[in-house]
Amino acid sequence: MIPTRDYFGPIPGFVIFWAIFILALALFLLRAIKLTRYLDLGRNIDRTDRLFSRILAAINQTILQRCTLRSCSKRDLSGIGHAVVFWGFGVFLLNYVLFIFIGGGLGLVDLVDDLIITPWLRLITDWAGILIMAMLVWGAFRRYVTKPERLADGKEAGIILLWIFLLMVFHFMPEELQSSCQALWWIHYCLIMGFFVYLPYSKHLHILTAPLNLFFAPARRVGSFTADNIASDLPGQDIGFLHWKHIFDLYCCTECGRCQASCPATKAGTPLKPKDMVLKLKKYVIRNGGELLLTLKSPQAKNFRSSLHAKLAGTSIEEEELWACTTCGRCQEECPVLIEHGDRIVNLRRCLIENGQASGSLGNCLESLSLLGNPWKRSPGERINWVLDRNMNYAQENKRMDILYWVGCTGAYDPKGQEIAKAMVEVLKTAGINFAILGVGEKCCGEPARRLGEEGLFQKLARDNITALGKYKFDRIMTHCPHCYNIIKHEYGELGGKFEVIHHTEFLAEHSSKGNFIFKEPGKRVTYHDPCYLGRYNGLYHDARSLIQAIPGVELVEMTDNKKSAVCCGGGGGLFWLEWLAGERINYQRFAQVQEVSPQTLITACPFCKILLDDACRFRKVENQIKVEDIVEFIRSCSLKQR
Amino acid sequence: MRICVCVKQVLFTGIPFEIDEESGKGLQKGSERIYTMNRPDRSALEVAIQLRNKIGGAVFAVTLGPSEANEVLYACLGRGADEGIHIVDDYFNATDPYLTALCLSRVIRNLGCDLILCGAGSCDSNNSQVPSILAESLDLPQISRVIKLKCHYTSMTVRATRRLSKGNREIVEAPLPAVIGVEAAIAEPHYVSIHSRTAASRRGMIKTHSSVSLLEEMGGQSPLLHEIRQSLPRPCPRAIIAPDAKTSASQRLQFIMTGGIAAKEDSTLLEGESEKTLDEIVKVLKREQVI
């Protein structure tokens, strides 16, 4: 049976076949080209370095389906369903190419039938079809009956499930039925081509855009932030903030809702909902893209991109959505297609800041940073007020140190932070480490400025710090603050500051493994809260735990959401300095999880986490039952005189 | 609408100060000098920018001060001002408000402004004289201590709400052009990003004048005020009521630490039937001006 060899009136079947094909291709390309042109609304950025690892990552995530399989858990096995449908569809694609296009379209049925692989392919395809249908039924059951939280009602999802199901039904139609009714073959063909045309009009476009997104992904899954290029100041040059990859991200969203289900700001009732933000921006870009491009190309386009992005920030989405993000990174950790939520939010924040829309607590924080070099509104001279020891080691230009202890602003100015710094110094001194602190020469690392969108301030502070650090000779910088750690390690490099940085948990674990601590047996039940900037951003989960477990008589219990899925304390992204305007605070929500495991001590490794979770502890009136301590304070309280 | 804003660069007063032995001036502790724009001036700038964005026109930022004072002009330009004017002064170091106002008026008179905004006073010298003397030398009406402003450009009038004492307010109207001295509470200043300030400094839209040459044009004035010395607040002892000796030691300590519970004046406990007490309650409420 070769339907394409028949004649429909005077027209041979081949012609109709390829005419439909060309029509479908044209409709597809019409939309695809439009979407590609809209990428020009973002500025340029290079994502073609490390070509080999990019290709490898794309293949690994797509072909091996790591994208969805990695998020499979006891609560959510849908990744398996997706993987099966994906591989099955791969088989079907081969099937279609061979039997419908080469066999039918080109009329080479005999050639195809005589291939050795054909009977095997037919067999595999049949099994694939059965599995796909089973997965689709399961998918529909999940979506419409059990209704998991992260899947919102979407008619697109229903259409796609139905469409693929129909394609399977048509595949299983017996030969006799198809021979007797030629129309069925053509309907099947039209369904296939129709699906292809439907792709760029639906979220199913992700089957083409997601592998590309994985190719263009940043080096780190969580924690890659792009600098703006405004400092390359040619007067009048229109630079803008969002880059093309952010626009491309919008085309990749599969509406799976994993980001929204794990976002602490969404749970706390703020206007921020990561998936909704993506979809709102996507709708805005697709609806207005053509008009916006015209204005971009016109001669009056001075500063157009900046104002466009400001418009994106203020029109399609609300400003409050942008200011509610703690940059905890859970959305990016969960996203199967690696959409860069954090970077996009920071870039949109830049629009608002540069447009002069920062006031209130945000304005105060930035004002304090730019004027005084710290966000606490304290004078630079008071940075060493916490130092009680008259013999404190301050960095000297000719003296080499093993460790430069970076105290950070919270460690210097806030009483709870100062407790951490004092404990750390005590440990360092007792251990006889050759260390020093910068003292008043230290300025804020600039992390809150950068995350809040004040890139110029970050670069100014960073450059000042790099100059200050450059005067001294040391092996490594050690800090107790994961924010300082992360930014000096990863983001000072492109400004000329390449340093080896370790976090104090790494240092303490190193020190402990050499047998330098003598612990008593405190007999305590403790739990450990993973800071976002240590855990998700830098993969440091093990050191703190090994340190705690090295203490005899200490029972370490884990909270429900820990390690990669640890819940934020609410202090990141500059939110520590902003007024909280929404529902239940993020730190109170995390503290509820702490209370579930009833520890005697909650151990943290970040000054923001310590302060916010301690605040939650007092709010819940359990400060006499649960003590909130930094790990160095805990270690010090559990150790006898060290060697 | 052409609006002129007078701004001043001052030492940031939010950090500890000490008296410099040599000059007798109050300076920040430490070697680093941290300058900022006077807070009421920042509010004045904000009012000007918002007015300009609404009605259209131009905003001119004028300052008198040493060469470092151009930083505040960059901040103004970064916030959206159209032009900056710097009267460079190393002569009387802005210690004499009369001379400051004269120099400002000399420059502002040529701008053709409809509205001149100043901060009501500066947080370092706290003279609050410049807006008044400026208005006099420009022969314009002045309104001081303004916390709310409404400009009617078509009728060229301005309606201002002034702060009187104890929460009382006064609304006045004046024809434009006028000089308005605004208080810090009139507007929430917006943060100006480093990028905008840097871009402003590169755009080079600042005209400079010299205070000395301006004063010479006016016949050569010399300062009438000379600052002799500043002093810092001395520590104020707080009176602590001695607790009742009949109570226990722990209660006495508690009393001292919490400052005791002082009996309120005019506190009345009304007892009796509801009819009678109702009248008393109404009387008390009327007396306290609640109703």
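Reply: Let us start with a single residue, bearing in mind that this is a predicted model. Thr36(B) has a relative accessibility of 15%, and because the cut-off for a buried residue is under 20%, Thr36(B) counts as buried.

Me: In which element is Thr36(B) found, and which residues does it touch?

Reply: Thr36(B) belongs to strand 5 of chain B, which covers residues 35-37. Not counting residues up to four places away in sequence, Thr36(B) touches Glu367(A) and Leu371(A) from chain A. From chain B, Thr36(B) touches Lys8(B), Gln9(B), Val10(B), Phe12(B) and Val72(B).

Me: How is a pair of helices read, for instance helix 21 of chain A and helix 29 of chain A?

Reply: One considers the approach of the axes, then the angle, then the hand. The axes of helix 21 (residues 415-430) and helix 29 (residues 631-638), both of chain A, come within 8 Å and cross at roughly 50 degrees. The two helices are therefore oblique to each other, and their crossing is left-handed.

Me: Which residues make this contact, and how do they divide by class?

Reply: Helix 21 of chain A contributes Glu419(A), Ile420(A), Ala423(A), Met424(A), Glu426(A) and Val427(A). Helix 29 of chain A contributes Val632(A), Glu633(A) and Arg636(A). The contact residues comprise five nonpolar, no polar and four charged.

Me: What does the reading give for helix 4 of chain A and helix 7 of chain A?

Reply: The axes of helix 4 (residues 78-105) and helix 7 (residues 155-171) of chain A come within 13 Å, crossing at roughly 55 degrees. That makes helix 4 of chain A oblique to helix 7 of chain A, and the crossing is left-handed. Phe92(A), Asn95(A) and Tyr96(A) of helix 4 of chain A meet Leu167(A), Met168(A) and His171(A) of helix 7 of chain A. This contact has four nonpolar, two polar and no charged residues.

Me: Which members of the largest nonpolar core touch the most other members?

Reply: In this core of 149 residues, they are Trp386(A), Tyr405(A), Phe435(A), Phe507(A), Leu508(A) and Phe591(A). Helix 14 of chain A (residues 274-297) supplies the largest share of the core, nine residues. Another core, of 37 residues, lies apart from it and includes Ala24(A), Phe170(A), Trp186(A) and Tyr189(A).

Me: With which residues is Phe507(A) in contact?

Reply: Leaving aside neighbours within four places in sequence, Phe507(A) contacts Ile403(A), Met424(A), Leu428(A), Ile433(A), Met478(A) and Ile502(A). Among these, Met424(A) also takes part in the contact of helix 21 with helix 29 of chain A.

Note on methods:
Residues numbered from 1 in each chain as written. Chains lettered and ligands numbered in written order. Predicted model: local features only at pLDDT ≥ 70, side-chain atom pairs only at ≥ 80, totals over all residues. Heavy atoms only, no water. Helix = DSSP H or I, 4+ residues; strand = E, 2+ residues; numbered from the N terminus. Buried < 20%, exposed > 50% of the residue type's maximum accessible area, 1.4 Å probe, protein only. Contact = heavy atoms within 4.5 Å. Axes fitted to C-alpha atoms, helices over the stretch in contact; angles between N-to-C directions. Parallel < 35°, antiparallel > 145°, perpendicular 65-115°, else oblique. Left-handed = near helix turned anticlockwise from the far one by under 90°. Nonpolar A, V, L, I, M, F, W, Y, C, P; charged D, E, K, R; others polar. Core = buried A, V, L, I, M, F, W, Y, C linked by side-chain atoms within 4.5 Å.
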